[in-house]
Amino acid sequence: MSETAFYETFLKETASRINDVELHGHIDHARRNYKKSFGEALKQFTDLEAARRRAAHIRWKSINDLEKYLIQFESTFIKSGGKVIWARDAAEACAEINAIIQKAQAKVVVKSKSLTADEIGLGQAMQTAGVTWTETDLGQFILQLAKEEPSHMVMPALHKSPEEVRYLFNKVGIKTNSAQAIELSLRAADHIREKYLAPDVGITGANFLLADEGAITITENEGNVMLAASRSKIHIVLAGIDKILPSVKDLQTMWPLLATYGTGQQVTSYNSILWGPRRADEVDGPEQMIVVLIDNGRTDVIADEVQRGVMSCIRCGACQYADPVYSVIGGQTYHSTRMGPPATVVEPVLNGMKSHGFFSDLSTLSGADTEQCPVNINFNKLLLDNRRKKAEQETAFSAERIFFTLWRNAMIKRDSPKWKTLKPRRYFLDELFFKSSNGLRKMPEPARESFNDLWKKRYN
Ligand code: SF4
């Protein structure tokens with residue numbers, strides 16, 4: 001898609017979603033539920049701010065010494081019998097994964113929820129290669145049926161109503177008359193379970209990579225990621241290189257924060273650490289375990305000393321509930337797996353200011369995202385840095401430049417006779433402000449006399 005085409009699409013989708021009452025209802029419903037349990041889960045921390053500061057430090061250390069920790073992870077994981085593949089970009093990662101599946105002549109492939117898989121377009125790549133697979137995560141399964149992108153980091157199908165889900169299920173033969181969430185998830189589980197009882201290949205993500213242990217961690221509530229991982233002959237793990245943690249000891253800080261900020265739980269139902277393929281004395285586990293370490297632009301973000309702060313993100317999704325822009329336009333409008341505040345920072349760096357520079361304007365700079373972030377990412381600092389770079393590169397869209405030139409001139413020459421009458425001021429406000437708010441905000445009537453005039457009258 002060309003640079004302006006992407007912007008045009010974004011504007012079109014935004015215009016329809018800002019009036020989408022149903023979407024706003026789903027987001028609001030999810031946020032209210034989250035807030036209730038989040039408040040309860042927070043009670044487990046005697047000193048929450050200390051925990052957040054510690055988590056921020058751990059993540060800062062991980063990203064700043066990335067090379068050291070990744071190499072440590074690789075050598076330890078290989079010693080446990082695992083294999084590591086380094087992929088520079090999405091195409092390389094997908095090609096490696098398809099090659100593993102084809103070499104194994106795998107007939108049953110299952111995939112669990114993985115934002116990294118979505119990021120690299122793995123589903124599309126497997127389809128092109130003729131690989132059929134089953135999603136084991138309920139949210140991902142719904143999206144697979146709807147052929148849609150995720151709309152939230154933790155709850156990918158947050159934008160779907162139970163009625164819509166029931167309709168999608170019926171279309172693929174999962175019969176149910178009920179549109180109750182519990183009933184729907186039970187029906188889906190029955191349908192999916194047969195597939196993942198004995199898969200040839202199981203593809204999962206990872207929440208963290210532990211450098212000292214050479215292990216990966218998986219955090220989940222449904223239990224199907226571990227089922228897929230432990231019952232597959234080959235377990236492929238997709239992990240961005242930023243997922244690294246220096247030590248297993250860091251989990252005592254990260255796990256409670258991830259549970260609390262991610263799903264409003266004190267502890268997630270299943271927290272697993274996997275050290276490699278099945279050992280001789282173990283009863284289950286894969287014969288092969290392969291970790292695909294994916295860069296896909298991460299080193300470009302990390303190379304920028306300011307922007308690298310965003311790589312501390314642990315993908316808990318909490319800032320999405322706090323972000324006023326996300327609440328109005330929904331997650332799919334970003335066309336990024338980092339939808340919401342992280343996307344506003346990362347996408348301009350990854351895709352260039354020309355096409356994605358406007359992402360850094362998708363924030364009110366209220367600071368609510370930083371306040372809600374368990375690893376204290378300073379979004380305002382990162383966004384303002386991106387906005388400055390955008391202005392320096394002069395990639396602002398011409399309409400914006402014309403607007404600010406007019407505005408600047410008008411402000412400098414407010415004594416001009418043109419501005420003395422109400423008409424041009426009224427026109428200016430209506431044209432530039434009222435219309436740019438899509439007619440949602442009514443502009444106040446301009447004052448008959450300017451502040452300067454009033455001041456002069458009174459004191460001169
Ligand atoms: S930026 Fe912070 S709050 Fe948002 S998803 Fe990442 S870790 Fe969570």
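Which residues touch the most other members of the largest nonpolar core? In this predicted model, local features need pLDDT of at least 70 and side-chain atom pairs count only at pLDDT 80 or more, while totals for chains, interfaces and linings use all residues. Residues are numbered from 1 along each chain as its sequence is written.

Leu-209 and Val-292 touch the most other members of this core, which has 101 residues. A nonpolar core is a set of buried Ala, Val, Leu, Ile, Met, Phe, Trp, Tyr and Cys residues joined through C-beta atoms within 7 Å; buried denotes 20 or more other C-beta atoms within 10 Å, exposed 12 or fewer, and partly exposed a count in between, with C-beta atoms placed from the backbone. Beyond its neighbours within four places in sequence, Leu-209 contacts (C-beta atoms within 7 Å) Phe-73, Ile-216, Ala-239, Lys-243, Ile-244 and Leu-245.

Helices are DSSP runs of H or I of at least four residues, and strands are E runs of at least two, numbered from the N terminus. Helix H3 (residues 48-64) packs against helix H12 (residues 251-263) at an angle of about 115°, with the axes 10 Å apart. Axes are lines fitted to C-alpha atoms over the stretch in contact, and angles run from 0 to 180 degrees between N-to-C directions. H3 and H12 are therefore roughly perpendicular (65 to 115 degrees). In H3, Ala-51, Arg-54, Ala-55 and Ile-58 meet Thr-253, Met-254 and Leu-257 of H12.

Gln-105 is not a glycine, yet has a positive phi of about 50°. Gln-105 lies in the loop between helix H5 (90-103) and strand E2 (109-111), and is exposed, with 7 other C-beta atoms within 10 Å.

Key. Angles under 35 degrees count as roughly parallel, over 145 as roughly antiparallel, 65 to 115 as roughly perpendicular and the rest as oblique. Two residues are in contact if their C-beta atoms, placed from the backbone, lie within 7 Å.
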